Amino acid sequence: MQEIFSLLGIASALAIGAISPGPSFVMVARVAVSASWSSGVAASLGMGCGAVLFASAALLGLQAVFLAVPALFIGLKVLGGLYLCYLGYRIFSGANEPLQVNGKSSSQKLSLRHHFLLGLTTQVSNPKTAIVYASVFAAFLPSNFSAPFALALLCTIFVVEAGWYAIVAILLSSSGPRRVYLRGKVWVDRTAGAVMVGLGLKLISSMHRG
């Protein structure tokens, strides 16, 4: 029974965190309105897998490694921030490019794989997420837990992260948001790119705060 309450507490805390806007939300939202719901869902699955990687690292004690080697944490934050800035630049610089809306060729499978990897890399670009998971685990995990509980925890985290972003992708890929995006593509992309660059710079600047 204690493990069930722990699982519910962790799921609730992480769901609140997932709903909070951030680079993952910006990326999934743009993919959904500019490509298709399937591409958005593929990116969502990448987000879920990235979350599982961080959760696994937290369970294995990555936070202790970061505390023991602060330079490693700082280096990962700088690299992650630079990657977000790169994504933002790509979005911003491509704002004037026309949107290809009829791309249903044999490259569709590659496109889904591309968006999955985009979601995965966007999720893992912020190493502070591992600290968030470690903090939540410290607050809710029982002192001793079973292997089935750990597996159930990782599956729950995947469902929470991928499920939320899949909902976002499906909602924003509908005809209404798509029409709004097509009408204002240049400014929407420039805004999304600027926000992504800003989030990257914020992550880099946070290196001074540890």
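**Close-up 1. Surroundings of Met-196 in the predicted model.** Met-196 touches Pro-23, Val-26, Met-27, Leu-84, Leu-87 and Gly-88, leaving aside residues up to four places away in sequence; contact means heavy atoms within 4.5 Å. This is a predicted model, in which local features need pLDDT of at least 70 and side-chain atom pairs count only at pLDDT 80 or more, while totals for chains, interfaces and linings use all residues. Residues are numbered from 1 along each chain as its sequence is written, and side-chain values use heavy atoms, with hydrogens and water left out.

**Close-up 2. The largest nonpolar core and another core apart from it.** A nonpolar core is a set of buried Ala, Val, Leu, Ile, Met, Phe, Trp, Tyr and Cys residues joined through side-chain atoms within 4.5 Å. Buried means under 20% relative accessible area, exposed over 50%, and partly exposed in between (1.4 Å probe, protein chains only). The largest such core has 17 residues, and Met-27, Val-28, Met-47, Leu-87, Leu-118 and Met-196 have the most contacts inside it. At least two residues of this core come from each of α2 (23–34), α3 (37–59), α5 (70–93), α8 (147–172) and α10 (185–205); helices (H or I, at least four residues) are DSSP runs, numbered from the N terminus. Helix α2 gives the most, with 5 residues. Another core, of 15 residues, lies apart from the largest one and includes Phe-54, Ala-134, Leu-153 and Leu-154.

**Close-up 3. Packing of helices α2 and α8.** The axes of α2 and α8 come within 8 Å and cross at roughly 35°; axes are lines fitted to C-alpha atoms, for helices over the stretch in contact, and angles run from 0 to 180 degrees between N-to-C directions. The crossing is right-handed, that is, the near helix is turned clockwise from the far one by less than a right angle. From α2, the contact involves Ser-24, Phe-25, Val-28, Ala-29, Ala-32 and Val-33, and from α8, Trp-164, Tyr-165, Val-168, Ala-169 and Leu-172.

**Close-up 4. The aromatic pair in helix α7.** Tyr-133 and Phe-137 both lie in α7, 4 residues apart, about one turn of the helix. Their rings form a tilted aromatic pair, 6.0 Å centre to centre with 50° between the planes. Rings of Phe, Tyr and Trp (its six-membered ring) pair if their centres lie within 6.5 Å; planes under 30 degrees apart count as stacked, over 60 as edge-to-face and the rest as tilted. Tyr-133 is buried at 2% relative accessibility, and Phe-137 is buried at 4%.
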